[in-house]
Amino acid sequence: MGPVDYVIWFVVTLVHLFCLACVIRKRALSQHFTIVLFLTASIAIGVSRYVIMLTSGLSSTSYFYFYYYSDAVLTICLFFVLMSFYSQVFSEMGVAKIVRAAAMHMVASSSERLLSRFAYEMSQNLYFVGVVLTYVLWGAMMKMQENRTRLIQLVLGLGVFLSAFAGSYALRNMYPDHMIWRFFIHIMAVWLPASWSYTFLKVPEEARMATAQVVSPASR
Amino acid sequence: MIPALIFVVSSLTLLQFFVSYSRSVIAESKAHELSGEIREICGVTTRSLAGDQFPRLSQLIDLCPQGGSGANNVWAVLLYFHLLDFARKFSRWAVPSLAQWIEAERGGCAYAAAVVLDRRIAYNRMMMTQQASHY
């Protein structure tokens, strides 16, 4: 493990901690409990990966398996975040429970089918299910003309993160030996806590914006 | 075959989510009224800025120390601006009708950068005033 890896690990952990501090500072802990859960899990897993790396080495089998299975745990935490977004968007319609149950069923069935397969493929597919669910949620938000700025930015930030990860895992599946993956995925991990930190710090809970301002003409 | 399909679909959704995200950051910054000082720096009297001012504003942001709560999404806007620049070059020969929309979007990026600069100048001015009051 070189100095670049240490710097990346340190930056990723620091940004997650900063985001957690932002959520707590803005007193959004109860409303966005799942985000706190995800951030806490990310920090804990980041530290555990570091410890395993120190004890077993970066190229060890135990680090490899821990990395990909902890990644699956983080993805499931992200699904909880997604479910909480669903429940906020559909809260007024009273169908949140149905949507959550359907989404959880989708995740559970895809994980069941994929657990026996190779770790890369499992992560790639879990992230892709996340992309589909986020896209459906974003579609519903546009249709319902959701105007809560903070919620819009949180969902879009998550969408960017999941799409980038699903795409890069798919590409990694096709070209596994490329050196770029060693750094790219770690750098991409900074996006989500950084964009959420910005949202919690700069966008007040009561801020509103028209969905039409956000939707690009190509997707209208 | 499946990874290739996932890659293509994910790339398309990534593009759409990123464009929407950047537009939401720009739309949110438009709620901020620019100060007279920034208007003077940018040489504008209206609420809109030309996209060509973005590189200069971006350089000024780099010169101005970041303060307070710190977080700003200027890097997301910067990436969006470069994406628009690429689209502008491509659209010149492929879809000329897009040029006007792209120019308006570049102007939005410049406005978002001006807001970041405005906030940083205000923060630094406040810090200087506080420091001066201690002496």
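Helices (H or I, at least four residues) and strands (E, at least two) are DSSP runs, numbered from the N terminus. The legends below describe a predicted model, in which local features need pLDDT of at least 70, side-chain atom pairs count only at pLDDT 80 or more, and totals for chains, interfaces and linings use all residues. Residues are numbered from 1 along each chain as its sequence is written, and chains are lettered from A and ligands numbered from 1 in the order in which they are written.

**View 1. The helices of chain A.** Along its sequence, chain A shows the pattern α-α-α-α-α-α-α-α. The secondary structure therefore comprises eight helices and zero strands, by the rule for DSSP runs. Of the 220 residues in chain A, 35% are buried (a residue is buried if 20 or more other C-beta atoms, placed from the backbone, lie within 10 Å of its own, exposed if 12 or fewer, and partly exposed in between).

**View 2. The side of chain A that touches chain B.** Here 31 residues of chain A are in contact with 23 residues of chain B (two residues are in contact if their C-beta atoms, placed from the backbone, lie within 7 Å). On this side of chain A, α5 (119–143), α6 (149–174) and α8 (191–202) each supply at least two residues. Helix α6(A) gives the most, with 15 residues. By class, this side has 18 nonpolar, 12 polar and one charged residues (Ala, Val, Leu, Ile, Met, Phe, Trp, Tyr, Cys and Pro count as nonpolar, Asp, Glu, Lys and Arg as charged, and the others, Gly among them, as polar).

**View 3. The largest nonpolar core.** This core has 76 residues, and those with the most contacts inside it are A:Leu82, B:Val77, B:Ala113 and B:Ala114 (a nonpolar core is a set of buried Ala, Val, Leu, Ile, Met, Phe, Trp, Tyr and Cys residues joined through C-beta atoms within 7 Å). Its largest share, 14 residues, comes from α6(A). Not counting residues up to four places away in sequence, B:Val77 touches B:Ser22, B:Val25, B:Ile26, B:Cys109, B:Ala112 and B:Ala113.

**View 4. Helices α1 and α5 of chain B.** Helix α1 (residues 2–29) and helix α5 (residues 99–134) of chain B pack at an angle of about 55°, with their axes 9 Å apart. The contact joins B:Val25, B:Ile26 and B:Ser29 of α1(B) to B:Gly108, B:Cys109, B:Tyr111, B:Ala112 and B:Val115 of α5(B). These residues divide into six nonpolar, two polar and no charged.

How values were computed:
Axes are lines fitted to C-alpha atoms, for helices over the stretch in contact, and angles run from 0 to 180 degrees between N-to-C directions.
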